[in-house]
Amino acid sequence: MKPKILLVNDHPPSLLALKALLVNAPQAAEYEVITATSGAEALRAVLDHHFAVIFLDVSMPGMDGFETAQTIHSHPRSASVPIIFITAYYADEMNRLRGYQHGAADYLISPVIPQILYSKLAVFIELAKKNLQLQYQKEELALMNRDLQVQQMRDLKRINAALETEILERRQAEARAHDLATRDPLTGLMNRRSLTERLEHAIAMANRYGQRLALLFLDLDRFKSINDSLGHDAGDELLRQVSERIGGAVRESDIVARLGGDEFVVLMEALPSYAAAAEVARKIIATIDVPFHLGSQTIKTSASVGISLFPQDGNTMQTLMRSADLAMYHAKQEQRGTIQFFHEDLNARMLERCRMEQELQQALDNDEFELYYQPKIEARTGRVAGVEALLRWHHPRLGLLSGGQFIPAASETGMLVSIGEWVIAAACAQARRWRDQGLPTPSIPIAVNVAIPQIYADLPDILHRELRRQQVPPSSIQLEITESLVITDTEKATSVLREISESGITIAIDDFGTGYSSLSILKTLPIDILKIDQSFVRDLGKNPSDTAIVAAIVNMARALALRVVAEGVETREQLAVLHDLGCDEHQGYYYSKPLPAGELVQTLMQRSLA
Ligand SMILES: Nc1nc2c(ncn2[C@@H]2O[C@@H]3COP(=O)(O)O[C@H]4[C@@H](O)[C@H](n5cnc6c(=O)[nH]c(N)nc65)O[C@@H]4COP(=O)(O)O[C@H]3[C@H]2O)c(=O)[nH]1
């Protein structure tokens, strides 16, 4: 676009002359000339065009040059357009000053000298071209700016979207991490950590508002054997279903958590009454009692629940948890599938148990145990057919303790496995010593009592290791196993006992008649001997039903080709009845109390001489 020049003159010949000068100028191709014959016409032109410069005649009728200039410059659109006044040569200095005051950029004296006109014009055309260029560049810049803004906007939106996704992902990761830290992944229930936090908070609230709360500890009965026999997937499924059933048995506001394994906890806050806790525990036990469907299998289990109450059973998180756990442990021991509230006696028993455990460990370490031996007499010959090893404890405080005084407690503490190992080693060592001493009956077997947990703890390996160490034959040792053991896990007992029996060690069922052995179990087990429990022997000859029971046991043993031993024989009358019934061996105070090895040897000597 070319710069434009406006010529304003009311005198047509002057206008034409000036226009002729401009259109014939050497740089005429660089601009365009527009004319106006009055101030008003000039103002209209200014509204329509942008001018590089205006040549304005000063003396015009109506609106003269000054007034026109003032009006042009008063408008923002044309405020900076340079105006050159054209005036007669006679215009005085005052008049020119007025022109400058009305915004004149310069003056030309009429008649105009072309060279002066051209040189002044050149300045303004150059200025206009520069302005146009600047304008163009400004527009370019504005365009670029807009593009930049659009680009920036897009970038911002992209960055924003990326940020939002990242924040979302981070929130989800945080939620997952929080879940992992506070929830049990298998059941989705609270885990131990969040339960303890919750319990601490609940105790603080109960303290402040004087409320009651209850903590229910729940453990599935026989979960381990279900898990072992059906596999871990089925075990997991069972735990999930159990967690759902517990959830269905409690209030929405109660907290259900899984501590791990098959241990669940329910926290009941703001209890209306303590009876409500027992009510919920009963509901849970009832719901767990309904058979579970795991794939194609239907299984039955039960739950034992221990309950501790705030504030009486503890006012800290730790004591409440411990009390509920202890109560649950006792529920399990007393009768599976029942509820047990915590009480102080349990605590005392627990402390006693801990003390006993420590003392039993010390007994092993300090060699405080000793085996006593009680002979078993063969009815037919009156000879010693074997001896039973019975454990005695030289307790540093309490003196000599017999098995009945500490074996049940040792069994509770789980110490019987290591004690049992000591007993087997001691019995094998005694067998060796008797052989070395050349007893009259060196081959009489020593019967050792075996506790239930020993069966699951490498019993065959331990037996063979000790027999080898002492270089005595397997026939030197006999095992006495309580009847109830066989009932609890027939399959395991059968396979372990079979291995032991095949190695040449004879096996006796102890306390026979007190458990619930069935004939078929007795038939499948590799049993050699039945020991009739002393409770049936005690009243023999006095109580006809005891006599009938012993007679039945003897007959059954005969049918199964087993030897029968009667325990606890104290009197001649008992002995007479047992003789009549055809019992193979007798054991009891009538012949001898359990004795230390040395004393027993003398008894054996006397009997063999008798
Ligand atoms: N009233 C009466 N009692 C008699 C008579 N003859 C023997 N006894 C006692 O009756 C118990 C017989 O042993 P048990 O039935 O195997 O019952 C044993 C046995 O189950 C267990 N036990 C003893 N030693 C061991 C052992 O080394 N390991 C294991 N696991 N248990 C043992 O402790 C229980 C009690 O042992 P003890 O106190 O030594 O009590 C022994 C014995 O001293 C009698 O004529 N009259």
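**Strand pairing and helix packing**

In strand β4, Ile-83 stands opposite Ile-54. This is a predicted model: local features need pLDDT of at least 70, side-chain atom pairs count only at pLDDT 80 or more, and totals for chains, interfaces and linings use all residues. Residues are numbered from 1 along each chain as its sequence is written. Helices (H or I, at least four residues) and strands (E, at least two) are DSSP runs, numbered from the N terminus. Two strands pair if DSSP finds at least two bridges between them.

**The parallel sheet**
- Strands β3 (residues 53–57) and β4 (residues 83–88) pair in the parallel sense over four bridges.
- An open sheet of five strands has the order β2-β1-β3-β4-β5, with parallel pairing.
- Its edge strands are β2 (32–36) and β5 (104–110), and each pairs on one side only.
- Neighbouring strands of this sheet are turned by 20° against each other on average, direction ignored. Axes are lines fitted to C-alpha atoms, for helices over the stretch in contact, and angles run from 0 to 180 degrees between N-to-C directions.
- Helix α4 (residues 93–101) packs on the sheet and touches β4 and β5. Contact means that the C-beta atoms of two residues, placed from the backbone, lie within 7 Å. The direction of α4 makes about 145° with that of β5.
- Helix α5 (residues 114–182) lies across β3, β4 and β5, at about 160° to β5.

**The mixed sheet**
- A five-stranded open sheet runs in the order β7-β8-β6-β11-β12, with mixed pairing.
- β7 (255–260) and β12 (339–341) are its edge strands, each pairing on one side only.
- Six bridges join β6 (residues 213–220) to β8 (residues 263–268) in the antiparallel sense. Ala-214 has Met-268 in β8 as its bridge partner.
- Helix α8 (residues 232–249) packs on the sheet, touching β6, β7 and β8, and its direction makes about 155° with that of β7.
- Helix α9 (residues 274–289) also packs there, touching β6, β8, β11 (303–310) and β12. Its direction makes about 165° with that of β11.

**Strand β13 and its partners**
- Seven of the 10 residues of β13 (residues 369–378) are buried, so the strand is largely enclosed by the rest of the structure. A residue is buried if 20 or more other C-beta atoms lie within 10 Å of its own, with C-beta atoms placed from the backbone.
- β13 and β14 (residues 384–395) run antiparallel, joined by nine bridges. Leu-371 has Leu-391 in β14 as its bridge partner.
- Their hairpin has five residues between the strands, and Gly-382 takes a positive phi near 75° there.
- β13 also pairs antiparallel with β22 (residues 595–596) over two bridges. Tyr-373 stands opposite Leu-595 in β22.

Terms used:
Buried ≥ 20, exposed ≤ 12 C-beta atoms within 10 Å, placed from the backbone.
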